[in-house]
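Dear colleague,

I am handing over the structure we spoke about, and below it you will find a summary of what came out of the analysis. Please read the two together.

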Amino acid sequence: MPKRTDIKKILIIGAGPIIIGQACEFDYSGTQACKALKEEGYEVILLNSNPATIMTDPDFADRTYVEPVTPEVLRRIIEKERPDAVLPTLGGQTALNTAVEVAENGTLEEFGVELIGAKLPAIKMAEDRTLFKQAMGRIGLDVPSSGLAHNFEEAMEVIKSIGFPAIIRPSFTLGGTGGGIAYNLEEYEEMAIKGIDASPTDEILIEESVIGWKEFELEVMRDTADNVVIICSIENLDPMGVHTGDSITVAPAQTLTDKEYQILRDASIKIMREIGVETGGSNVQFGINPDNGRLVVIEMNPRVSRSSALASKATGFPIAKIAAKLAVGYTLDEIPNDITRETYASFEPTIDYVVTKFPRFTFEKFPQADATLTTQMKSVGEAMAIGRTFKESLQKSLRSLEIDSYGFESRLFDDSQESFAALTDENSTLLRTKLSQPNWERLWYLADAFRAGWSLDEIFALTKIDRWFLINIQQILEMEKTLRANRSLVAGAGEELGELLREAKRFGFSDRRLARLWSLTEGEVRKLRKDLGVLPVFKRVDTCAAEFEAFTPYFYSSYETECESAPTDRKKIIILGGGPNRIGQGIEFDYCCVHGSFALAEEGIETIMINCNPETVSTDYDTSDRLYFEPLTLEDVLSIVEIEKPFGVIVQYGGQTPLKLAVALEEAGVPIIGTSPDAIDRAEDRERFQALLHKLDLKQPANGIARSFEESENIAQKIGYPVVVRPSYVLGGRAMEIVYGQAQLKRYMHTAVMASPEHPILIDKFLDEAIEVDVDALCDGKTVVMGGIMQHIEEAGIHSGDSACVLPPFSLEQSTIAEIRRQTVELAMELGVIGLMNIQYAVREGEVYLIEVNPRASRTVPFVSKATGRPLAKVAAKVMAGISLEQQGVTEDIIPKHISVKEAVFPFVKFPGVDTLLGPEMKSTGEVMGIDYEFGPAFAKAQFGAGVRLPKSGTVFVSVKDSDKEHVLQPVNRLVELGFKVVATRGTASYLQSRGVEVEIVNKVKEGRPSIVDAIKSEQINLVFNTTFGADAVTDSYSIRRTTLMFNVAYFTTVAGIKASAQAIEAMCRETLDVCPLQEYL
Amino acid sequence: MKKAILALADGTVFHGKSFGATGEVTGEVVFNTSMSGYQEILTDPSYCGEIVTMTYPQIGNTGINAEDVESGKPHLSAFVVREAWDMPSNWRSEMSLGSYLEQNNIIGLCDIDTRALVRHIRTHGAQVGIISTLDADTQSLVEKARKTPGLKGQDTVQKVTCSEPYHWTEGVWNLETGYEKTNPEQARFRVVAYDFGIKRNILRHLASLGCHVTVVPATTTAQQVLALNPDGVFLSNGPGDPEPLHYAQENIRKLLGKKPIFGICLGHQLLALALGGKTYKLKFGHRGGNQPVRQLSGRVEITSQNHGFAVAADSMEDSALLTHINLNDNTVEGLEHKSLPAFSVQYHPEASPGPHDARYLFARFIELMENFRASQQG
């Protein structure tokens, strides 16, 4: 069937900010959908609040609404745009839920809008646990036995028939938020309450545990002609019990015979048909009893998912793009396969390699969080690796994570030794726990269990990981033993060593790991390897296992005989990507890499991308001319550089990951273009940086470097408390803390970090109540242009990534802005920046202090580009390729008339027990943008985009520290004028009363009940203003913040945030927030 | 593991290791793109005379079990994989792939760059190769390969067909209960199945649909078949070139119109030849479980395939209707006689291994027999 001509205008819903469970895979899918539908001539309207996405670039849709993804906003856009259809299946659970709401509240019908991709009944049947269970019953498929509960009493009733362990799954939540596994009644009671609370429909499913069963996923596509194909099968290494997003997964399925696999295939097709997903991609999850093969259906997602992104990258089959085309009526047999050109999308990809996905966690950011892996997703990103065997693929995935692991480093032994001492009892217990309780380090401990000589059966009994995976790991360790035993061969560097080395490389061993085993340096291993001619080749990902010729240059490395790289002799530039998403380095950097690639392509330069993050647009095979899906380590990058021989390599776009490689790459003779690695080092190295500031006569908060506790005490004394302390060379403010006095310093120095001569601690004077300013600038060596100057809403001391910010600045003097501009120009020229740079300043009493200089693309580049309409990353890429700013016509700063607010989004709800207070350590996973012509509405939009429900009326609770009291008076008064009731704790109340505010007093938690926490729980509070000082007060007010979070009450913990929220509420009370596409602002 | 060499007739050589049996063997080198189902592939008689390379690199993961067989033993000449796995993990597994090959005296070759081999075959066509653990002289191996005739023009069926007729009662497989036991007493149709190298799953499907099946040797005459008074005649899959099998073509011609006929794979090619059509050798064939086939009525089915020869579409225009084509290369996938009750498909609706999308064809055969019986009575 050809495409539909009865629809012309299609609204695509995006996924909003990056959160745990919903990351940049939905930018990838959304971008593909926008491109595919525009290509077909449809008018595309887009809604997405996330400015860091490629899809929200003004040229990917005809009208781009960077507005909150909420039913209200969607309705307003529908009203304004009158689209013919809404496509909700490419923006994750957020898009699907939002679409369901506008379908159910009659909006779609009212405006005659059709839901395409999936119809409402299909979505409901897939998402509603009861309906799904009934549907599975109709087609004769088993699901784990289960029951639903809508309140505590029902939950207690259901558990009687299910028993323990029981799995709790709240309905309609993403990434399993609020779910978990209960092993006893006590845990169950707590989880049931939390789960009901987390579900937008107050519903939980309590399920028979199939923990320890094998887990599989199938990615399925269906078209309007009822053609159904399986794109990819995925097997989870971690058995049932760990959320699939947190599991190590492998494609294709490894441990099923064809007869067993076909059962899954038949079941998936039946499910597609029964649920009634008319077109597009879906994902079905199965559990299989390893003893008898009994199959249960776990769930199905009637939309493109994280697994579809993985499946797309794993097979080369672009699921989202095809899903978009199917949604407008094409059938699979009408859509050509881009990779083979000759064949069609109506087939099932077959692969001739093994793909491993390894999740990336950031528990170090949330020390109070429980790091046990359960059915609630906790990882923030993932790396994917491709190898010809599982062993190769698995070891490549380890070094792709960028956690300073290059293989199976030992946790419990000195693995450079040939034999290991027996495990202590303590370590033996630890090992047992680490194997039996899923945790992100389990694989490394598993390796130690083999090193300790534990038997396969013992390890299987503890982990329930299929023996096939275990034996593969065992074989890697046997190879490790062989390598160690043959250390003596290294000196001779003969043929025997060559063969051993080749065998080791075929097992996926990295040079770094070999260096460790042989007590050599990485460079020595590399030289040895090259001397012996042990070099990788590059194979193509082609969807068809070489049955047809592949035209898409999508590569992975392997140690085989034939290389299919076929590099061209064009002028080419390699862009190094950012690797797996993590807090502090996410989609913003992928955005920059993609823009770099687009810009260079415009200039006729061949672009080559290296990255290992399957969620991203950068790893789409048609983003760059050539794609290498490889780990971002020195070894892997050098191998590609040696084959491609590029004109230049760009290291400043992928965040800290490629930047860390810059010096080593340059030493190896790789042409780094843009800012020189030496300049990067001048900005990163503390002492060289100080010299630079001295030379330019720029001001910095007083500071010092401590290599012991005593030194730190002296420095802190000298510069005066409060001080900011942090280890040197950190990303995203790792282990950074504001220290107010000696006792806290002592605790920090002893518990948080151990200062030593190799690991010095940096101590800075903390500028209390200063305004922080972020600048992104462009420089070509001659001209410097401000990309954007952003004023933070939260005061200095809160990590810039966690702070809301405004462009242009809303309260800085012109003279201050001029001074910031002047300093930026001086720094850029002195460092010789070629490309982008980011500077953070603090302004106090009109004085400008330099906090930090990053001679690279920053997290704010996409936001600034959206706000100003100037594609900074593109301009900078062209600068790096030698096209000056003047030649590009970029010589003036752009200061937009509209106001753009960026707000951060946090994962606290996923981590019970974690405080929500912000500090110098970055904790946010994503961001949203609010745009309007005034600050109030722009801030309000940013809040709604971030999921904060700002009230227009009701009760505000105020409890602030003494020094803040006078500052909150004005915003509180405003709210009173707007009709808000005020409740406050005693101290705050007496201050407000003394200033004439009518206040009701409420108990602090320790003052007895009913307390403020009770008031929040009984939904008497609509807004919380709470600032604290000192460790005790922080502990006291913890339960307030946690309760507001669980009950989704808007809360602000800084004076600046309080003021801004009052302005926003005022704007909301004045008028309905309007919606306006980006294209109209620019 | 012993060193082993694969040498192709065009002089290309691959050095690897052997698993399974050792020795020296020749065969036409082909590749299969299925990611699962190696045991069914090993035991499919259609691979007789072929050295089969699996494109998926990890083979042997689930071992070998007693159930997943398509005939009594492996028929292929040799088996080539990237990594041969010897410690199977699956609740049904009974022995490792290597032991199985060794027991059946089949040479396995592993640790070669199978993708390079597949690309070579794709570019240069399927050709004769030799695998040896005995001879390390590559020149001499290439010579031996050159001297070995390919499958074209050979009657390979004689190597795999049964020697005596037999009855078949086992039905299709099910996870809980294994293979169904059918009762031939209750069979509604009598089917004679020509064994050109038949896969058991075809017989299982027929049995489960209520057929009393008599399997007969490839050379059984039309008169002998008619003497059994069947409701329908089935033409099985099998190895090699259909062209030299004149005896089979002759018998089919005699049966046409007298009994409903259903042919699969080689059986399909033989039916086409019997109808006056032509067959030709494909460059490297279709072997795998992901081949898209379009029913001319619309729907696309994902099919399991295993053939090196195909029917020339233009040779059939007079006698048969084209019912199915391959979406990738437009080759003939299904035919139906314009007036007589006979139809055939190039691919494998019995799957095993592969997707089950085309199972409806067995029901179509039943329907054809039913209608034919009704027309005879009426």
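**What was found**

Gln285(A) sits in strand β13 of chain A, which covers residues 280–288. Please keep in mind throughout that this is a predicted model. With a relative accessible area of 6%, Gln285(A) counts as buried, because the cut-off for that class is under 20%. If neighbours within four places in sequence are left aside, the contacts of Gln285(A) include Glu215(A), Phe216(A) and Glu217(A), as well as Thr244(A) and the run Val296(A), Val297(A), Ile298(A) and Glu299(A).

Leu535(A) belongs to the loop that joins α20 (522–531) and β17 (537–540) of chain A. Is this residue buried, partly exposed or exposed? Its relative accessibility is 40%, and Leu535(A) is therefore classed as partly exposed, since that class lies between the 20% and 50% limits. Not counting residues up to four places away in sequence, Leu535(A) touches Arg502(A), Arg529(A), Lys530(A) and Tyr559(A). Trp518(A) is 17 residues from Leu535(A) along the chain, and the C-alpha atoms of the two are separated by 19 Å.

As for the nonpolar cores, the largest has 100 residues, and the members that touch the most others in it are Ile10(A), Leu37(A), Met221(A), Ile386(A) and Tyr653(A). Apart from that core lies another, of 96 residues, and among them are Phe31(B), Val80(B), Ile107(B) and Ile131(B). Returning to Tyr653(A), and again not counting residues up to four places away in sequence, its contacts include Phe589(A), Cys592(A), Leu836(A), Leu872(A) and Met880(A). In soluble globular proteins, nonpolar side chains tend to be buried together.

The interface between the two chains may interest you as well. In it, 64 residues of chain A are in contact with 52 residues of chain B, and the area buried between the chains is about 5,000 Å², with carbon and sulfur atoms giving 48% of it. There are 14 salt bridges between chain A and chain B, and the side chains of Arg92(B) and Glu260(A) meet in a salt bridge at 2.8 Å, N to O. Across this interface, 38 residue pairs are in polar contact, both residues being at pLDDT 80 or more. On the side of chain A that touches chain B, the elements that give two or more residues include β11 (228–236), α9 (258–275) and α16 (467–485), and the largest share, ten residues, comes from α9(A). By class, that side of chain A has 23 nonpolar, 14 polar and 27 charged residues.

With best regards

Terms used
Residues numbered from 1 in each chain as written. Chains lettered and ligands numbered in written order. Predicted model: local features only at pLDDT ≥ 70, side-chain atom pairs only at ≥ 80, totals over all residues. Heavy atoms only, no water. Core = buried A, V, L, I, M, F, W, Y, C linked by side-chain atoms within 4.5 Å. Buried < 20%, exposed > 50% of the residue type's maximum accessible area, 1.4 Å probe, protein only. Contact = heavy atoms within 4.5 Å. Helix = DSSP H or I, 4+ residues; strand = E, 2+ residues; numbered from the N terminus. Buried area = accessible area lost by both parts, 1.4 Å probe. Salt bridge = Lys/Arg side-chain N within 4 Å of Asp/Glu carboxyl O. Polar contact = N/O pair within 3.5 Å; in protein donor to acceptor, adjacent residues only side chain to side chain. Nonpolar A, V, L, I, M, F, W, Y, C, P; charged D, E, K, R; others polar.
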